[in-house]
Amino acid sequence: MKTDVTLKIAGAAGQGIQTIGDLLSEVCHQSGLFTFSVDDFESRVRGGHNFNLLRLSDKELTAPGNRLDILVCINTNAYELHKEELRSDGIAIINADEPGTKDKTRFEIPLKKLAEEAGNKITANSVAAGAVLAVLGAPLSLLADVLKKQFAAKGEKIVALNVAAAKKGFEAASGLGQDTGFAWEAKKSNNVVLSGAKAAALGALAADCRFFPFYPMSPATGVVSSVIPYSKQLPVVVEQAEDEISAVMMAIGASFAGVRAMTATSGGGFCLMTEGLGLAGMTETPLVIVNAQRPGPATGLATRTGQADLLFSIHASHDEFPRFVFAPGTPVETYETMKRAFHLAEKYQVPAIVLLDQFLANSRVTEVNTLEVDPEIERFYEQNNSGSDEAPYLRYALVKDGVSPQRIPCSGPGLVRVTGNEHDPEGHISENAENKIAMTQKRAAKLPAMIKEMQAPFLVNPTAPVFLVGWGSTRGNILEAVDRLGAQGMEVGAAVFKDLWPMDRKTIGQVLDNKKLIMVEQNGSGQLGRLLAQEAGIDSFDTILKYDGRPFFPDYIVQKAKELVK
Amino acid sequence: MITPKDFDCKYENKWCPGCGDFQILSAMKSAFAQQQIPPEKLTLISGIGQAGKTPHFLKCNMFHGLHGRALPLATGTKIANNDLTVVVNCGDGDCYGEGGNHFLAAIRRNIDITLLVHNNQIYGLTKGQTSPTSSLGMTTKLQNTGTPSSQFSALGIALAAGAGFVARGLSGEPGHLTELIVKAMDYKGFSLVDILQPCVSFNKINTLSWYQERAYKLEDTDHDPQDLGKAFKLAQEWEQSLPLGVLYEALGTPFHERVPNLKASALAAHNYDSKLLADTLLQNL
């Protein structure tokens with residue numbers, strides 16, 4: 001009896017791969033099951049080869065699966081590409097022109113023909129979903145309910161067509177039902193299915209972010225497009241900028257005016273934004289940037305995943321200024337991190353960079369729903385109730401903690417003067433040497449308090465002699481790998497970072513002291529390892545690196561870890 | 001009663017003696033006084049260069065940003081709070097060179113701000129290189145065989161991009177310039193005033209007298225500012241004659257009236273509403 005099932009739906013772009021996956025995900029969600037759904041696609045709109053990898057379980061999942069129980073091939077090419085991934089007891093469901101082989105390992109089904117019989121060939125996706133549902137041993141009624149919801153806006157006729165199509169697929173697969181051991185029945189759960197991109201948008205909105213200037217770039221576009229459905233109810237504006245430089249400048253301009261704003265981009269766009277990042281740093285204007293990483297440099301692999309912008313994000317822009325860098329590990333954590341990023345960026349008047357990656361941004365994961373909107377949010381602006389020639393408002397007052405009281409322009413008598421040139425306390429250009437020293441020190445003076453805001457890495461088996469160490473979206477993979485290694489009698493723990501910068505050197509140094517460290521990262525050099533060596537006195541580390549643009553799988557980490565720990 | 005003096009500021013001016021910027025600054029103060037806008041209700045946003053320093057030299061709220069980037073900064077500020085009066089100061093290199101893409105985008109958005117371009121046809125702060133508005137062949141220490149690029153027609157390009165208010169002023173005509181700035185600020189949408197000015201330190205060709213010998217005022221002619229074709233023709237005049245005044249003015253819909261969520265009230269005017277957010281974001285997830 002299986003309670004952890006992985007299926008892959010593969011075919012060309014434009015064949016509805018993701019639609020089938022989403023329908024099945026939703027059926028699982030309605031039954032209280034957990035899903036982990038990953039898309040793998042090329043940088044093209046039609047053709048090529050894409051797949052959706054869907055893992056389902058009755059327990060919370062933290063990572064995708066890679067050994068297939070069910071392989072759904074929308075074209076024959078897909079079978080050739082993925083047949084090696086099938087488990088020995090797995091089944092391949094293959095789209096065919098005519099009905100063909102039908103047994104426990106291979107099922108040839110004419111999706112288009114059945115869709116036509118149901119009334120319209122465009123419903124082939126629903127035929128496929130119906131067939132998979134039958135193989136999973138689930139009742140058709142669950143899928144029918146999902147289809148009714150999904151197509152409600154398109155009218156009863158379309159709903160009926162799709163339900164009929166699903167029924168065709170379901171009936172064609174009769175007798176192939178696997179013993180999955182899932183309780184297939186509609187069940188209320190306290191779970192939520194989110195992608196990292198949507199979670200980032202929700203978190204920003206919950207933080208009262210009202211302005212989203214951006215320039216389209218995979219895989220960050222989903223962050224901003226996820227705002228659109230809420231723009232009817234909420235006072236928000238999404239504006240497509242002429243380039244990323246403009247996008248970040250618009251966000252800074254809005255923030256100057258006291259409105260929370262953010263932009264989202266990927267590595268190449270983030271490169272263009274670095275001058276804006278420096279402007280925010282110098283002018284001490286709160287700013288939130290989401291960098292949804294993809295492998296590079298330059299254009300790299302536009303639709304694939306990587307974690308190679310860590311050191312860049314920490315150092316981006318010339319000279320020095322304090323900033324926050326976060327890398328949440330799951331969609332729900334992305335929501336929380338966005339709220340914190342806005343809060344902390346404003347509290348300390350610094351930029352906050354939230355690192356996602358294509359894997360986290362696009363994967364749709366079931367988690368326990370802990371999302372909340374805060375009853376109140378703390379804002380960090382001083383009342384603008386004074387200011388005169390004799391006693392002007394000092395935007396950059398030299399205060400001990402470095403956080404000079406910030407005011408909103410045109411909200412009172414105090415003139416708010418901001419410049420990217422080095423400036424005196426009033427905000428005027430200053431080339432005075434003592435002033436330069438004082439201002440550099442003022443900006444840096446924020447760091448001790450910022451470091452106190454940083455949350456320690458997530459630890460598993462803290463007493464184990466060996467630690468897998470990672471950051472951001474690899475967490476779930478690392479956790480599952482640690483579990484599996486433990487089950488095989490290996491004493492392995494983990495430290496996974498979400499808060500990356502500024503770094504609490506002392507605490508982190510203590511946590512990692514005397515451990516054999518294995519960096520598990522999606523870049524070519526172990527960037528977090530290098531950072532820890534620089535900041536926390538780590539003198540050596542092993543690596544499990546993956547930089548092929550595809551996500552980690554727990555299997556891979558387990559196998560590599562075993563080679564490293566003998 | 002607000003007077004130009006109300007904008008005087010103690011901060012030391014850093015321009016070269018004799019610079020046209022002084023007259024532009026003075027015309028700005030006069031225009032703001034005519035608009036009866038107090039310094040604390042005025043927001044100036046600028047780029048980098050001698051023109052970019054302008055907001056430091058008068059009383060106002062200001063964001064002195066980066067080279068070429070004043071317009072997107074101003075756009076963000078204005079989208080966040082449409083109730084603000086936003087005026088932008090840029091130089092020719094700043095706005096038409098480094099910021100060229102933003103110039104086109106700001107016009108197309110028709111964001112309700114006023115752009116004053118201090119156009120001296122030279123890079124002053126970096127000590128005398130040619131700018132996009134320098135004449136073809138102009139020589140400098142760097143362009144010692146003459147600039148190989150032809151002159152950027154800011155007014156023509158603004159018209160072609162669909163700008164609804166396109167004017168040219170001259171620093172040596174501060175009264176006339178004041179009137180242009182007042183009109184530009186009155187205009188609902190994106191307004192451009194390209195201001196010819198001498199650079200006494202580096203541009204030895206386009207001096208104040210060079211401009212004055214060629215300049216004439218459109219108000220003294222029968223020009224109809226609603227005539228786009230004529231405006232295009234005027235924008236081409238250069239070597240022999242230089243039209244000053246409003247070349248083109250036509251009503252359009254400003255950005256904040258094009259965007260549903262900006263029509264009723266400014267983004268900044270809303271309060272945090274936890275119930276609305278919870279109902280909108282967390283129901284039906």
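Chain A has 19 helices and 21 strands. Its radius of gyration is 26 Å, close to the 24 Å that the globule rule gives for 566 residues, so chain A is as compact as a globular protein of that length. Keep in mind that this is a predicted model.

A few more numbers on chain A. Along the principal axes, its C-alpha atoms fill a box of roughly 90 × 60 × 40 Å. Of the 566 residues, 57% are buried. Among contacts with a separation of 6 or more, 74% are between residues 24 or more positions apart.

Now one residue, Leu71(A). It sits in strand β4 of chain A, which runs over residues 68-73. Is Leu71(A) buried or exposed? Leu71(A) has 25 other C-beta atoms within 10 Å, and the cut-off for buried is 20 or more, so Leu71(A) is buried. Outside the four places in sequence on either side, its contacts are Lys8(A), His82(A), Leu86(A), Gly90(A) and Ala92(A). Lys498(A) is 427 residues away from Leu71(A) along the chain, and the two C-alpha atoms are separated by 34 Å.

Over to chain B, and helix α4, residues 100-109. The buried residues there are His102(B), Phe103(B), Ala105(B), Ala106(B), Ile107(B) and Arg109(B). What do the buried residues of α4(B) pack against? From chain B, the partners are α2 (70-80), α3 (92-98), α5 (154-161) and α9 (255-258). Chain A contributes α9 (244-256). On helices in general, there are 3.6 residues a turn in an α-helix, so residues three or four places apart point the same way. After α4(B) comes Asn110(B), with a positive phi near 55°.

Note on methods
Residues are numbered from 1 along each chain as its sequence is written. Chains are lettered from A and ligands numbered from 1 in the order in which they are written. This is a predicted model: local features need pLDDT of at least 70, side-chain atom pairs count only at pLDDT 80 or more; totals for chains, interfaces and linings use all residues. Helices (H or I, at least four residues) and strands (E, at least two) are DSSP runs, numbered from the N terminus. A residue is buried if 20 or more other C-beta atoms lie within 10 Å of its own, exposed if 12 or fewer, and partly exposed in between; C-beta atoms are placed from the backbone. Two residues are in contact if their C-beta atoms, placed from the backbone, lie within 7 Å. The radius of gyration is taken over C-alpha atoms; the globule rule is 2.2 Å times the number of residues to the power 0.38.
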